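Here is a short briefing on one chain.

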Amino acid sequence: MKAFLFNPENDLALASGMANYTPSAPVRRFKEALAQLPRWYADDGDIILNPDIAASNPEAIPDPWGWSADAVRQFKKAGIQGPFPDVEMIRNLSHRRSSIKLHELLQKANLPYELSPKPCESSDVNDISTNRIFLKAPWSCTGRGVVDCSQMPVERVREIASGIIRRQGSVMIEPKLPKNQDFALLFESTDGKIAFKGISYFFTASTATAYGGNFCASQDEIRTKLNAPFLDQTISAVTEALNALIAPHYSGPLGVDMITYGPENLICPTIEINLRRTMGFVALALYERLGRGIFQITPGESTGLQLVDPNPYFSATFNPLP
């Protein structure tokens with residue numbers, strides 16, 4: 001039996017480094033609205049945890065959206081006994097500099113295409129000389145903490161970078177590529193071994209960086225939609241790299257965000273490593289249970305099959321496709 005906890009604030013809790021992290025009011029509303037989302041990937045007999053109520057089975061295996069010291073606190077508060085992982089190790093691996101390490105490993109993988117430029121980490125705003133970049137906070141979630149700087153003067157870019165550096169110690173700088181599509185590779189790390197679980201085909205919201213929803217379909221259809229050359233070679237190389245970088249230190253689900261870009265629809269395989277469950281895993285479970293459709297999370301009320309109880313702040317819906 002597992003005890004599932006939906007704690008989407010986890011990356012922000014990692015950024016804080018605190019065991020008693022208090023998320024902002026909008027994040028709390030999001031968490032409360034979607035608290036029952038694990039029902040779509042839990043098995044019969046599993047627990048969906050409410051941290052304010054003692055668990056009915058304290059020996060259930062804890063399974064959060066993501067691990068942090070704050071997630072451990074929430075489980076303990078509910079009476080769950082563990083086991084709990086090394087959350088400081090997970091915090092370090094969840095830093096966006098892990099994407100740089102992944103890039104360096106892939107450079108040695110003899111991929112049949114040239115890798116996109118390597119992202120970099122900086123604590124000096126004078127390293128920024130162009131606005132054709134994304135700035136990324138070392139820890140952030142669902143597209144927050146990611147800034148498209150292409151329409152800003154360089155001085156404004158440096159001001160934003162300075163704020164990120166002040167809060168989190170450094171800033172990630174990534175060249176902006178001519179994106180075609182977003183997607184992610186999903187994996188499970190178990191007993192020191194990485195297993196590929198599938199492809200997540202997702203789209204962003206109106207902000208162009210925040211998560212909007214997922215296309216739920218067969219893996220064959222998703223591959224056809226992506227139309228990405230060298231996809232299998234990329235999956236193989238990333239799996240091998242994660243076996244070296246992640247598998248010895250972490251057990252659980254993870255996703256690697258990627259894009260296709262340019263006229264050749266090439267893959268940039270190092271956008272972000274999410275060392276936690278992602279909405280892509282929810283989409284895989286929804287396809288298995290409900291078939292082909294669109295899974296979306298939207299502010300306010302929305303039409304479609306309601307995946308969680310109705311809430312005035314956020315809706316999680318599934319709309320079937322023919």
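**Backbone and side-chain briefing**

Helices (H or I, at least four residues) and strands (E, at least two) are DSSP runs, numbered from the N terminus. This is a predicted model, with pLDDT of at least 70 needed for local features and 80 or more for side-chain atom pairs to count, while totals for chains, interfaces and linings use all residues. Residues are numbered from 1 along each chain as its sequence is written, and side-chain values use heavy atoms, leaving out hydrogens and water.

- Helix α3 spans residues 69-77, and its buried residues are Asp 70, Ala 71, Val 72, Gln 74 and Phe 75.
- Buried means under 20% relative accessible area, exposed means over 50%, and partly exposed is in between (1.4 Å probe, protein chains only).
- These buried residues of α3 pack against β1 (2-5), α1 (10-16), α2 (25-33), β3 (61-64) and α4 (87-94).
- Contact here means heavy atoms within 4.5 Å.
- Pro 83 lies in the loop between α3 and α4.
- The peptide bond from Gly 82 to Pro 83 is cis, with omega near 10 degrees.

**Two asparagines with positive phi**

- Asn 227 is not a glycine, yet has a positive phi of about 50 degrees.
- Asn 227 sits in the loop between α7 (219-226) and α8.
- With a relative accessible area of 57%, Asn 227 is exposed.
- Asn 265 is not a glycine either, and has a positive phi of about 55 degrees.
- The loop between β11 (252-261) and β12 (266-274) holds Asn 265.
- Asn 265 is buried, at a relative accessible area of 12%.

**Packing of α5 on α8**

- Helix α5 (residues 97-107) and helix α8 (residues 231-245) pack at an angle of about 120 degrees, their axes 10 Å apart.
- Axes are lines fitted to C-alpha atoms, for helices over the stretch in contact, and angles run from 0 to 180 degrees between N-to-C directions.
- α5 and α8 are therefore oblique to each other.
- Angles under 35 degrees count as roughly parallel, over 145 as roughly antiparallel, 65 to 115 as roughly perpendicular and the rest as oblique.
- On the α5 side, the contact is made by Ser 98, Lys 101, Leu 102, Leu 105 and Leu 106. On the α8 side, Ala 237, Val 238, Ala 241 and Leu 245 make it.
- By class, the contact of α5 with α8 has seven nonpolar, one polar and one charged residues.
- Ala, Val, Leu, Ile, Met, Phe, Trp, Tyr, Cys and Pro count as nonpolar, Asp, Glu, Lys and Arg as charged, and the others, Gly among them, as polar.

**Lys 136, a buried charge**

- Lys 136 lies in strand β5 (residues 133-136).
- Its relative accessible area is 5%, so Lys 136 is buried.
- The side chain of Lys 136 makes a polar contact with the side chain of Glu 174 (2.8 Å).
- A polar contact is a pair of N or O atoms within 3.5 Å; within protein, one must be able to donate a hydrogen and the other to accept it, and residues adjacent in sequence count only if both atoms are side-chain atoms.
- The Lys 136 side chain also reaches the backbone oxygen of Ile 271 at 3.1 Å.

**Glu 155**

- Glu 155 lies in helix α6 (residues 154-168).
- The side chains of Glu 155 and Arg 158 make a polar contact (2.9 Å).
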